[in-house]
Amino acid sequence: MSDTLDLQSDPIDLTTALVDVRSVSGEEAEIADLVERSLQRHAPHLEITRSGNSVLARTNAGKGRRVVLAGHLDTVPINQNFPSRREGDVLHGCGTVDMKGGDAVMLAIAALSENARHDLTFVFYDCEEIEAERNGLTRIQRDLEEWLHGDLAIVCEPSNGTVEAGCQGTMRIEIRTTGKRAHTARAWMGENAIHGMGEALRRLEAYVPRQPEIDGCHFHEGLQAVKITGGVAGNVVPDEAVLTVNHRFAPDRSVEQAEQHLREVFAGFDVKVTDFAAGALPGLHAPAAQELVTAAGGTPVAKLGWTDVARFAALGMPAVNFGPGDPTLAHTQEENVPVQQITGCFAVLQRFLLD
């Protein structure tokens with residue numbers, strides 16, 4: 001492999017080169033070194049710094065507006081899909097979708113950013129695909145928070161080349177029922193905790209999720225049982241059962257409001273919140289976001305999953321997802337991206353940021 005990437009080459013070729021560097025979460029040193037060297041050599045106008053295996057670069061031209069572009073360098077574990085291969089106009093391989101196509105577009109923009117319309121910050125970070133406390137953005141926000149601030153954040157996660165605005169929040173709860181153990185031959189002497197979960201499951205089955213429209217984007221909430229445990233032995237009436245429920249809530253609800261809603265849905269049950277992450281409002285009213293939408297054409301859509309746009313929204317910034325690749329292929333063995341989506345996303349960001 002070359003010592004550096006030619007950042008002014010075709011973004012498709014840049015994507016291929018990045019995919020061919022193994023960078024499973026926690027193993028990003030090689031790709032971070034390559035990105036850092038490439039920026040130093042081919043984009044000397046940028047201020048560059050390093051945080052662990054994250055590489056940050058920015059212009060400091062005193063423009064009236066700053067746009068932050070963010071992309072993670074890590075992938076999920078390789079699954080017989082490394083290195084890359086190209087079949088016609090489709091590039092296959094681990095990371096083609098999630099999200100080295102987006103990283104390649106960011107690098108190509110960085111190389112041309114000396115005379116950009118806005119000041120730009122580029123954040124290539126590590127460990128996105130694993131626990132949040134190891135996510136590079138967590139460390140960067142703690143140690144270098146000023147690098148994350150701007151008037152708009154674009155997280156170049158796969159979005160089929162469409163602006164996906166904001167994201168939904170997520171919350172997991174445990175519902176616990178208790179009973180009394182007894183021999184199943186004398187079941188009337190006990191109380192079955194699994195049977196006691198029936199009402200909670202009926203409420204889930206009857207639940208009708210909200211579908212609010214925010215900034216013209218249609219969100220669709222969800223409430224699903226994702227795990228149930230219970231039972232002692234084949235001849236024992238169980239005295240405990242636990243149902244795990246995942247709630248995806250639209251960003252017009254706070255974490256506190258989402259929790260209150262779940263406690264109302266499951267009133268009478270023992271409810272414990274085990275995990276949560278706030279959503280992010282679309283923020284499409286912001287001037288910079290409107291300019292991006294115009295450059296992209298089409299109609300923005302809601303991001304129904306959770307992404308790191310929420311981290312930027314928590315800093316008071318409008319944030320969107322925009323990158324090549326079908327997000328439904330992320331983390332699959334069949335991960336692949338049509339190359340025209342890579343060049344299409346590059347063209348949109350070039351119009352928005354450079355022209």
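In this predicted model, strands S4 and S5 (residues 90–92) run antiparallel and are joined by 3 bridges. Across that pairing, Arg85 sits opposite His92 of S5. The two strands belong to an open sheet of 3 strands, laid out in the order S4-S5-S19 with antiparallel pairing. Strands S4 (85–87) and S19 (336–338) take the edges; each has a single partner strand, so one side of each has no neighbour in the sheet. Going from one strand to the next, the twist averages 25°.

Two helices come up against this sheet. Helix H3 (residues 96–111) lies across S5 and S19, and runs at about 50° to S19. Helix H9 (residues 339–353) packs on the sheet too, where it touches S4, S5 and S19. The direction of H9 makes about 65° with that of S19.

H3 and H9 also meet each other. Their axes come within 10 Å and cross at roughly 35°, and the crossing is right-handed. On the H3 side the contact is made by Val105, Ala108 and Ile109, while H9 puts in Ile342, Cys345, Phe346, Leu349, Gln350 and Leu353. Sorted by class, that makes 8 nonpolar residues, 1 polar and no charged ones.

H9 has a further helix partner in H1 (residues 11–19). Here the axes come within 9 Å, with a crossing angle of roughly 115°. H1, too, passes H9 in a right-handed crossing. Pro11, Ile12 and Thr15 are the H1 residues involved, and they meet Val339, Ile342, Thr343 and Phe346 of H9. This contact counts 5 nonpolar and 2 polar residues, again with no charged ones.

Elsewhere, strands S1 (residues 47–51) and S2 (residues 54–58) pair in the antiparallel sense over 5 bridges. Arg58, at the end of the S2 range, lies over the face of Trp147, at 3.7 Å from the ring centre. Aromatic rings are another matter: with ring centres required to lie within 6.5 Å for a pair, the count of aromatic pairs comes to 0.

A few backbone details are worth a look. Most residues other than glycine have a negative phi, and most peptide bonds are trans. Met99 is found in helix H3, the helix that lies across S5 and S19.

Technical notes
Residues numbered from 1 in each chain as written. Predicted model: local features only at pLDDT ≥ 70, side-chain atom pairs only at ≥ 80, totals over all residues. Heavy atoms only, no water. Phe/Tyr/Trp six-rings, centres within 6.5 Å; stacked < 30°, edge-to-face > 60°. Lys NZ or Arg CZ within 6 Å of the ring centre and 35° of its normal. Pairing = 2+ DSSP bridges. Helix = DSSP H or I, 4+ residues; strand = E, 2+ residues; numbered from the N terminus. Axes fitted to C-alpha atoms, helices over the stretch in contact; angles between N-to-C directions. Contact = heavy atoms within 4.5 Å. Left-handed = near helix turned anticlockwise from the far one by under 90°. Nonpolar A, V, L, I, M, F, W, Y, C, P; charged D, E, K, R; others polar.
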